Each structure stands twice: as C-alpha cells, then as structure tokens.
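This briefing is intended for a reader who is meeting the structure for the first time. Please keep the sequence and the 3D view at hand while reading.

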Amino acid sequence: KENYDRKPNDIEKYIFLRALQDRNEVLFYALIRKYLAEMLPIIYTPTVGEAVEKHGHIYRRARGLFISPDNVNRIDDMAQRLPSRKIEIIVVTDGHGILGIGDQGVGGMGIPVGKLALYTVGAGIHPSACLPICLDVGTDNENLLADPLYLGRKHERLKGKEYSDFIKSFVEGIKRNFPRVILQWEDFSKQNAFSNLDNYREKITSFNDDIQGTGAMVLGGIISAMKIKKTKLIDQKLLVYGAGAAGIGIARQLRDGLIQDGLSRQEALDRIFVLDSKGLLTEGRDRIDDYKREFAKPGHLLNGWLTENLYSLTLEDTIKNAGITALIGVSAIPGSFNDRVIDLMLKNSPEPVIFPLSNPTSKSEADPRRILERTGGRAIVSSGSPFPPVTIGGREYRIGQGNNAFIFPGLGLGVIAAKTGVITDGLFTAAASALAEAVPESDLNNRYIYPPVEKIFDVSYRVALAVYRKAIGDQSGVPIENGNPEETIKRRMWIPDYPELVPAAGTLRS
C-alpha cells in the first residue's frame with residue numbers, strides 16, 4: 001500500500017495495480033478487497049477510461065484473448081492453450097462504445113479486464129474462471145489509426161454482413177468450447193449492442209451489462225428513492241435523457257418494474273419519456289431506430305402541451321409538460337442538468353429524483369452537489385462516478401454512486417449457481433429488488449439510495465440469492481441437491497486469503 005500511495009496520479013496507480021495483478025493475483029485481490037472504496041475508482045470507472053485511451057502507451061503484459069477476423073476460426077486452438085479450461089464468465093467488447101469516449105479499438109480490453117476484477121472482488125468468482133476478450137474488428141478512430149503505438153489492426157471497422165458473420169463465428173466458437181459459460185457483451189455500439197443481445201441471448205447464456213445491468217441498477221435506486229419519498233413507483237413520471245444502450249436499457253427495466261407493480265404494459269409506457277439527441281421520441285418523427293421505437297410517444301398523448309414544435313421537444317419542454325418527477329441522465333452531455341432544469345424538477349415534486357449517471361466525471365450531466373445545493377438538500381440524487389460529500393445547512397450529504405457493480409457480479413454468480421440456460425428480464429428485476437432491499441433503514445433515513453461500495457460483497461450475495469431463487473422458481477435453473485440456496489451461494493464465493501507474515505520470536509530482521 002505504501003508503494004501505491006507514492007504514485008503521483010490515478011493513471012500511475014492504475015498501472016501499479018495492473019502490474020500487481022499480473023505478478024500476484026491473490027495479493028492483488030486481497031489489497032483491493034481491503035481498500036475497496038479507495039481503489040474501485042482506480043481499477044474501474046472513472047480511471048479505466050483514461051487507461052483505455054492510453055492503452056498502447058501504458059501496455060505492459062498481455063491479458064485475455066484478442067480475436068480478429070484473422071484468427072476467429074482458431075478459437076478451438078486458443079481455448080486449448082488457456083491456463084484454465086474451467087471458464088465460467090467471459091466479458092467481451094469490440095471497443096466501439098467505451099464509456100463516454102466512443103471508439104477505442106483494442107484499447108477497449110481494459111473494460112473486460114476491469115469488469116472481471118469486479119466479478120472476483122465483488123462476488124468471489126475465482127479469477128481462473130474469468131476470461132476477458134477483445135474483438136479486434138478495426139477502428140474508425142483516426143487518432144488511433146495514426147498512432148504508431150496502437151496495437152490493433154489498422155483499418156476501418158467491419159460493418160454489415162462481414163461484422164455479423166464474424167460475430168456468428170465468434171459465438172459458435174465460444175459455445176463449442178465453453179458450453180456453460182456466461183457471455184457478457186460490453187461497450188458495443190448502440191445498434192450492435194441490441195442486435196447481438198437479441199440474436200444470441202437464447203443461443204448462449206448471455207446478457208449486456210450496458211443495457212440490462214444499468215437498467216437494473218437504476219431501477220434498484222428508484223425503488224429506494226420511493227421508500228424515501230414514501231410513495232409508489234406507479235405514481236411517478238420518469239424521463240430518461242439519452243437513448244443509447246444504457247438509456248433504452250433503463251427505460252425497459254423501468255417498464256418492467258411498473259408492470260411488476262400492477263400496471264399494464266401500455267400504462268407503464270405512458271409514464272416513461274425518453275429523449276435522444278433530437279429531442280423527445282415521438283411517433284411522428286423521422287427515422288427512429290428500431291430499438292427506440294417502443295418508447296416513442298403517440299401524438300394524442302401530447303395534446304395540450306405548450307411548445308413551439310411537437311416534433312422537436314427539448315428536455316425542458318418535456319419536464320414542464322409531462323410533469324416529470326424522476327430524471328435519469330445517460331446522455332454524456334456535461335452540464336445538461338442546469339439550474340433551470342433543476343428548478344423545473346423542483347416545481348413538479350418537493351423531492352425530485354435526479355440521477356446524472358454519465359461516466360466519466362467529465363461527462364456527468366451535472367455535479368450532484370450542485371443539485372443538492374440548488375434544492376436545499378430536498379432532491380434525491382445519485383451519480384455515475386464517485387463525488388465527495390457536500391454540506392448544506394450544517395448537514396452532510398453523501399453522494400450515492402449508481403454503479404453496475406452492485407448488479408452484474410451477483411447476477412453472474414446467481415446464474416452460475418442455478419445453471420441457468422437463458423438470462424431472462426425477470427432475473428434483472430429480481431436483482432434490482434435485491435439491491436434496494438440491501439439498503440438499510442438507517443441509510444434511507446439519511447437519503448442514501450445505494451449502499452457504500454465497500455458493501456459490494458454483501459450486496460452481491462443478496463443479488464445472487466435473489467437471482468438464483470427467481471431462476472429456480474421460473475424453472476429456467478437447475479435445483480440444487482441439498483436444497484440450501486444460501487449455502488450454495490456462499491460456498492461459491494472465493495475470498496483471497498493472504499495472511500501477513502511476521503518474524504518468529506527470536507529471529508533477526510535484516
């Protein structure tokens with residue numbers, strides 16, 4: 001830890017920890033587990049974004065598989081040469097939609113490496129069971145193509161049928177060699193994220209954390225916020241600002257949460273508003289992507305709205321006319337939740353729910369501390385990146401971090417334990433409810449909607465247990481022989497044991 005503390009900045013700390021992971025994984029995980037709140041932002045968001053951008057410049061040792069059109073037909077051979085054949089979790093990216101920084105090519109490998117570290121430290125999945133994969137299908141980032149230290153294939157990205165055929169070969173190769181593995185799609189472009197998920201979720205046990213994990217994380221936070229407000233989810237008008245993979249994933253999960261609370265599908269959709277870069281999704285607008293279409297509002301629902309143009313409705317237009325009470329930002333447009341937006345939210349609700357969730361910190365829709373200051377501490381706030389607490393009127397407010405790490409490690413563990421073939425949407429709703437239940441009454445009284453990150457191991461246990469029970473109840477999982485779900489989950493959670501060595505009595509120390 002002393003060597004870590006001597007590093008001058010976050011990226012140097014990241015390099016130090018990655019080098020330690022390469023040398024001694026048990027010590028790496030023991031260290032991370034001991035200083036989780038401090039080191040989680042280093043091994044993952046927000047520092048991993050900088051590490052991805054500088055991938056070729058800070059590269060030390062290879063970790064994981066890089067699969068390209070040149071070697072996709074050799075997956076069988078690569079699988080045979082892996083240090084471990086008992087792979088349970090694969091996180092794969094093609095580096096196209098990294099956080100808020102876009103196309104990073106093979107630099108995107110930092111994301112699967114970081115996510116899998118969270119599977120281990122968060123849910124105790126043994127590192128030998130984890131495999132990071134980066135699909136090297138080219139890049140359209142001109143800066144990378146001109147960089148002599150870029151390590152990927154220097155040509156434009158595969159598209160269309162070439163890309164689809166490559167993904168098909170990749171999935172078939174993974175399924176052939178690891179038939180029981182969980183495949184997590186990570187940081188693909190918006191359209192590819194949805195098409196890969198929809199095309200393969202029933203062919204291989206798979207999910208997309210950007211879509212489904214983010215949605216479950218937000219739903220868990222909204223459920224906690226409703227407990228603080230002492231009201232119901234079905235009484236809210238919800239706005240998702242940003243219609244990429246995360247935004248539509250959130251909208252889908254909110255829809256499922258509303259349906260679970262007793263609304264019809266249409267009633268649920270009527271309470272959810274989604275904005276993309278062109279404004280509110282409406283049926284009369286040209287060229288709406290297929291994955292957004294479900295959330296486009298029919299014209300009759302907008303009757304009586306005060307606006308200059310019904311087909312170009314802004315964030316402020318929608319908040320005012322729809323009476324929005326919960327605002328979720330995944331737009332990567334910094335400062336978009338300005339004082340006018342905050343004031344409009346406060347008019348609609350004495351306790352507005354405002355989540356500026358975009359990562360990294362520089363892309364956040366607002367500084368959550370400003371939201372609390374502007375509302376006198378009345379807003380219920382969460383951010384996507386860590387922010388220090390703020391004091392208002394003599395009271396300190398902790399900024400809760402909405403982190404997918406509260407969902408995906410436990411979900412993966414529960415799916416492994418239940419031997420689930422298909423990861424259904426209902427498993428994510430169960431995970432969201434378990435996350436909300438993990439927030440104690442004392443934290444809710446202090447307006448905290450998420451647990452502190454240092455509780456991630458306990459939260460993952462709760463999530464895994466809920467996912468396991470839901471899978472067995474839905475008969476998509478395989479019941480265990482001893483009938484004890486709690487013991488089954490606990491037995492699978494590896495804890496890095498790295499005892500401190502001290503000199504024996506009477507020995508000399510050099």
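The points below cover the sheet, one of its strands, a lysine beside it, helix packing and salt bridges.

This is a predicted model, in which local features need pLDDT of at least 70 and side-chain atom pairs count only at pLDDT 80 or more, while totals for chains, interfaces and linings use all residues. Residues are numbered from 1 along each chain as its sequence is written, and side-chain values use heavy atoms, with hydrogens and water left out. Helices (H or I, at least four residues) and strands (E, at least two) are DSSP runs, numbered from the N terminus.

**The sheet**

- Seven strands form an open sheet with mixed pairing, in the order S8-S7-S6-S9-S10-S11-S14; two strands pair if DSSP finds at least two bridges between them.
- At the edges stand S8 and strand S14 (400-401), each of which pairs on one side only.
- Strand S9 (residues 326-329) and strand S10 (residues 353-356) run parallel and are joined by four bridges.
- Gly329 has Pro356 in S10 as its bridge partner.
- Helix H12 (residues 209-229) packs on the sheet and touches strand S6 (238-241), S9, S10 and strand S11 (380-383). The direction of H12 makes about 150° with that of S10; axes are lines fitted to C-alpha atoms, for helices over the stretch in contact, and angles run from 0 to 180 degrees between N-to-C directions.

- Strand S7 (residues 272-276) is largely enclosed by the rest of the structure, because five of its five residues are buried. Buried means under 20% relative accessible area, exposed over 50%, and partly exposed in between (1.4 Å probe, protein chains only).
- In a regular strand the side chains alternate between the two faces of the sheet.
- Ile272, Val274 and Asp276 point one way from S7, whereas Phe273 and Leu275 point the other way.
- S6 and S7 run parallel, with four bridges between them, and Tyr241 is found opposite Leu275 in S7.
- S7 and S8 run antiparallel, with two bridges between them, and a hairpin through two residues joins S7 to S8.
- Leu275 also stands opposite Leu280 in S8.

**Lys292**

- Lys292 lies in the loop between strand S8 (279-280) and helix H15 (315-322).
- Is Lys292 buried or exposed? Lys292 counts as buried because its relative accessibility is 7%.
- The side chain of Lys292 makes a polar contact of 3.1 Å with the side chain of Asp276. A polar contact is a pair of N or O atoms within 3.5 Å; within protein, one must be able to donate a hydrogen and the other to accept it, and residues adjacent in sequence count only if both atoms are side-chain atoms.
- Apart from neighbours within four places in sequence, Lys292 is in contact (heavy atoms within 4.5 Å) with Ala243, Ile248, Asp276 and Leu281.

**Helix packing**

- H3 packs against helix H4 (residues 36-43) at an angle of about 120°, with the axes 6 Å apart.
- H3 is therefore oblique to H4; angles under 35 degrees count as roughly parallel, over 145 as roughly antiparallel, 65 to 115 as roughly perpendicular and the rest as oblique.
- From H3, Phe28, Leu31, Ile32, Arg33 and Lys34 meet Leu36, Met39 and Ile43 of H4.
- The buried residues of helix H11 (residues 190-200) include Asn192, Phe194 and Leu197. H10, strand S4 (182-185), strand S5 (206-208), H12 and helix H13 (245-260) are what the buried residues of H11 pack against.

**Salt bridges**

- The whole structure holds 35 salt bridges, each a side-chain nitrogen of Lys or Arg within 4 Å of a carboxyl oxygen of Asp or Glu.
- Arg63 and Glu25 form a salt bridge through their side chains (3.2 Å, N to O). This pair links distant parts of the chain, with Arg63 in the loop between helix H6 (55-58) and strand S1 (65-67) and Glu25 in helix H3 (residues 25-34), 38 residues apart.
- Lys161 and Asp165 form a salt bridge at 2.7 Å, N to O. Both residues lie in helix H10 (residues 160-177), four residues apart, about one turn of the helix.
- Lys161 counts as exposed at 63% relative accessibility, while Asp165 counts as partly exposed at 35%.
- In the salt bridge between Lys470 and Asp474, the closest N and O atoms are 3.5 Å apart.
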